[in-house]
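Here is a friendly briefing to read beside the model. Please take a look at the structure first, and then we will go through it topic by topic.

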Number of protein chains: 2
Amino acid sequence: MVKKEKITFDKNKKENFSEWYSEIIKKAELGDMRYNIKGFIVFQPWSVLVMEKMYQLMEEELQLKGHKPYWYPVVIPEKNFLMEKNHVKGFAPEVFWVTETGAGEKLEEKLALRPTSETAFYQMFSIWIRSYKDLPFKTYQRAQVFRHETKATKPFIRSREFHWIETHNAFDSKENALKQAKEDMDTTKKVLLEKFCVPFIFFKRPEWDKFPGAESTFASDTLMPDGKVLQLPSTHIISQEFTKAFNVKYLDKNGKENYCWTTCYGPAISRIFAAVISIHGDNKGLIFPFNIAPLQAIIIPIFNEKNREKVLKEAEKIEKELRAKKIRTETDLQEKTMGEKFYFWEMKGVPFRIELGEKEINEKKATVFRRDTGKKTKESIGKLAEFILKEGEKQSNALKEKAEKEFMQGISEADSIEKARKELEKGKIVKTGFCSVSMDSAECAEKIEKELNASVRGTKFSEKEKAKGKCIACGKKAQEIVYIAKSY
Amino acid sequence: MVKKEKITFDKNKKENFSEWYSEIIKKAELGDMRYNIKGFIVFQPWSVLVMEKMYQLMEEELQLKGHKPYWYPVVIPEKNFLMEKNHVKGFAPEVFWVTETGAGEKLEEKLALRPTSETAFYQMFSIWIRSYKDLPFKTYQRAQVFRHETKATKPFIRSREFHWIETHNAFDSKENALKQAKEDMDTTKKVLLEKFCVPFIFFKRPEWDKFPGAESTFASDTLMPDGKVLQLPSTHIISQEFTKAFNVKYLDKNGKENYCWTTCYGPAISRIFAAVISIHGDNKGLIFPFNIAPLQAIIIPIFNEKNREKVLKEAEKIEKELRAKKIRTETDLQEKTMGEKFYFWEMKGVPFRIELGEKEINEKKATVFRRDTGKKTKESIGKLAEFILKEGEKQSNALKEKAEKEFMQGISEADSIEKARKELEKGKIVKTGFCSVSMDSAECAEKIEKELNASVRGTKFSEKEKAKGKCIACGKKAQEIVYIAKSY
């Protein structure tokens with residue numbers, strides 16, 4: 001009954017991240033690329049369970065901050081889509097269009113599969129928002145979005161369909177819109193860093209790299225094991241051109257009509273999932289932070305014909321106790337060797353393994369293995385739930401600290417193109433002087449792109465870093481400190 | 001600051017259900033029909049919060065029964081779609097097709113917005129399922145589906161996009177497939193009846209009314225206040241033609257290849273929501289069962305300038321205590337009269353209102369109003385959470401019993417077309433003799449359809465009812481007892 005395949009997962013994450021990534025997706029059954037439409041994958045249970053938890057934690061935080069949940073149609077009429085010209089320019093090349101029904105009956109108007117939903121939300125905002133009393137108007141939806149990417153797709157990282165949350169919000173002033181952007185950064189910290197243990201830096205993106213239709217774009221980047229950055233949630237202050245196009249106005253306290261200021265924030269759950277597995281995993285496979293692990297504890301009963309009943313009964317009792325404390329627990333009753341079970345659940349990233357045999361039962365102490373540290377301890381059987389909840393918090397903190405440390409070590413300074421190239425090749429983010437982040441310096445950015453195959457991610461938002469030295473690209477006096485990185 | 005509009009909701013649900021339904025959707029802000037694509041609506045927070053709870057309860061039950069969650073692409077390639085001819089015939093007229101991208105670049109192959117996902121799941125089943133050890137293979141996904149309905153749409157009841165769960169499952173025998181169908185009926189009972197308080201009867205649908213591609217269809221019907229039935233979850237044993245078309249096979253214990261038997265089950269959450277609001281609501285508005293209410297308790301602080309601080313402090317304390325016990329609670333601090341607040345939250349269907357003034361604080365007893373019974377009681381402030389949890393269970397049971405009673409009273413017997421017509425006009429489901437539910441009797445069904453503008457819903461699945469008398473349509477000896485009803 002024993003499976004013939006190799007029982008250990010063993011891929012060097014640091015040396016060959018790309019291979020590690022593809023292999024773990026297959027081996028742990030996270031997603032299947034064999035669905036027969038290019039760029040679309042089937043998300044499998046082990047990833048869906050995690051992403052559902054991620055949705056839940058993100059939505060709780062958003063609701064706590066006053067965002068109300070909506071479900072908008074997946075399709076957006078072409079006329080909505082065409083209303084804001086920068087937005088059209090940015091998204092039109094990537095839109096999937098629904099044009100017909102049934103046996104080829106043409107629709108009167110083409111419908112876009114939403115690539116993002118400003119043009120759907122704003123239409124309704126123009127109906128719903130009447131007065132300053134309606135503001136702030138804070139919404140969100142859990143949804144899939146669709147982009148006909150021309151770049152190579154990579155599961156969870158860049159697909160033609162991804163699972164995200166988008167918030168859309170209206171305010172009575174630009175100041176309040178900016179406050180919202182800052183609140184979004186706080187949300188990102190509370191959820192991505194504190195719950196998913198994924199570190200990031202929020203950058204103000206340069207003028208040439210803004211969201212189509214935005215006045216300002218703030219985007220978080222994390223660092224992947226191969227030294228490339230991955231963009232995580234971004235928040236945007238939308239240009240008033242947009243609310244003007246959609247006629248989103250309110251009456252102020254003096255009875256005067258004004259256009260709203262709007263923001264949007266887009267945590268792409270399926271992409272954040274890619275960061276979670278890439279950052280925390282190791283050569284043996286996945287490691288999930290305790291909060292979002294699909295299973296938090298796996299019980300491995302160790303028995304022979306004689307003590308089978310005794311051991312299984314105790315395992316069942318422990319499983320029940322752990323579940324009563326809301327610890328997601330299962331008992332592995334498959335017909336496999338102990339070794340196979342150990343390797344399998346290590347590869348799957350379950351935070352805790354409880355080994356339970358007759359000896360453990362007699363001693364009233366089970367062996368608990370912690371996946372991230374690889375440490376085994378003996379824990380009192382009556383207090384396993386308590387131990388795991390406490391140790392789960394420690395696991396989460398340890399993963400966060402480790403990831404933050406690696407992120408900080410992944411940043412190098414450089415004062416020349418040559419030095420920058422070397423650092424980028426070592427898999428570093430490069431911190432350097434740059435002339436400016438206005439459109440005037442787009443040429444310098446192009447030079448970086450061309451010579452280093454890397455992009456200017458922007459200026460750090462949380463602290464104004466004082467410029468010194470020269471622009472790495474043109475040699476003029478630097479006005480800004482920017483971060484340059486290869487990216488997904 | 002007081003809104004000028006009429007503060008009470010008052011529509012006669014029994015007398016004019018259609019008007020009641022449209023008005024409560026607007027007034028309670030459940031859905032907005034002003035989105036500019038016909039047949040698509042925007043689901044608003046007050047319904048989304050309920051439907052999210054409904055999803056959660058349904059998914060918990062499915063996971064408990066061994067179904068694993070997946071997320072499939074929203075698009076299905078035309079070639080998948082064309083593989084099973086009955087399925088194509090049934091769904092093709094209603095499919096939305098994605099045919100182009102960007103600025104009009106034609107796709108090589110048309111993609112269907114999924115109207116249901118058998119043809120997506122089975123493609124992957126044929127890859128994943130290898131041996132009897134893989135069976136039963138039980139899956140589900142939470143998803144939206146799209147049907148270009150030609151009938152008039154009605155929010156939540158019949159839309160071109162609806163939110164559902166679909167399970168797809170593979171077995172090694174027809175018997176096991178039938179067992180799954182029975183398990184699905186149990187799931188429907190555990191969730192729809194026990195949690196949402198929505199009664200139903202499961203019918204075996206007549207041959208002429210099966211799911212396209214199914215060998216047998218079992219569907220639940222509930223009774224709406226206007227006497228029409230609404231189809232709720234259905235479960236289907238799929239014809240093996242389907243697994244043959246998709247090559248879904250397994251090796252049995254003897255090493256022999258066999259085609260799988262499959263089933264699917266489709267609880268449409270947005271449609272069940274329509275039943276929830278229609279069945280439980282009354283002339284004052286919505287009534288939500290405790291389990292799924294977006295808010296379970298609303299605190300109305302009653303104060304004047306002098307005791308404002310004292311009352312609000314106590315309200316905050318109570319809110320905190322209730323929330324600590326996971327009771328979804330808010331305090332209404334809007335600048336409205338007490339009457340307006342009372343009517344508003346009654347209309348919104350919040351199960352409990354807690355009235356809290358200085359008198360109540362001094363007496364250490366708050367007034368608790370229960371929405372469904374309209375009864376007010378004084379409850380000890382220190383034990384409010386306890387009371388509400390206990391009373392919430394009672395509320396849920398009361399709603400269930402009331403709904404079940406109304407359903408039972410909604411069924412009449414008839415032994416002639418004339419009698420049936422009268423009963424249908426009174427808003428009843430008619431129970432009657434019928435010649436058979438095989439294709440041989442399709443003509444009798446057509447006669448019913450034509451003369452009574454009603455359809456044969458099938459035979460009751462839970463108990464074999466002994467036929468007596470004659471077929472109501474053709475006068476031959478009845479072989480079956482069937483139920484006839486007008487339907488949505």
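In chain A, strand E18 (residues 365-370) and strand E19 run antiparallel and are joined by 6 bridges. Strands (E, at least two residues) and helices (H or I, at least four) are DSSP runs numbered from the N terminus, and two strands pair if DSSP finds at least two bridges between them. This is a predicted model, in which local features need pLDDT of at least 70 and side-chain atom pairs count only at pLDDT 80 or more, while totals for chains, interfaces and linings use all residues. Residues are numbered from 1 along each chain as its sequence is written, with chains lettered from A and ligands numbered from 1 in the order in which they are written.

**The sheet in chain A**
- Thr367(A) has Lys378(A) of E19(A) as its bridge partner.
- E18(A) and E19(A) belong to an open sheet of 5 strands with mixed pairing, in the order E16-E15-E17-E18-E19.
- Its edge strands, E16 (329-331) and E19 (375-380) of chain A, each pair on one side only.
- From one strand to the next, the twist averages 25°.
- Helix H12 (residues 384-409) of chain A lies across E15, E17, E18 and E19 of chain A, at about 15° to E18(A); axes are lines fitted to C-alpha atoms, for helices over the stretch in contact, and angles run from 0 to 180 degrees between N-to-C directions.

**How the chains meet**
- 43 residues of chain B are in contact with 43 residues of chain A, where contact puts the C-beta atoms, placed from the backbone, within 7 Å.
- E5(B) gives the largest share of chain B's side, 6 residues.
- That side of chain B divides into 27 nonpolar, 9 polar and 7 charged residues. Here Ala, Val, Leu, Ile, Met, Phe, Trp, Tyr, Cys and Pro count as nonpolar, Asp, Glu, Lys and Arg as charged, and the others, Gly among them, as polar.
- Strand E5 (residues 96-101) of chain A runs antiparallel to E5(B), joined by 5 bridges, and Trp97(A) has Glu100(B) as its bridge partner.
- The copies meet through the same surface, because 100% of the interface residues of chain B are also interface residues in chain A.

**Symmetry**
- Chain B superposes on chain A by a rotation of 180° with 0.0 Å of shift along its axis (RMSD 0.0 Å), fitted by least squares on the C-alpha atoms of residues with pLDDT of at least 70 in both.
- That is the relation of a two-fold axis.
- Val98(B) comes closest to the rotation axis of the residues of chain B, at 2.0 Å (C-alpha).

Definitions and conventions. Two residues are in contact if their C-beta atoms, placed from the backbone, lie within 7 Å.
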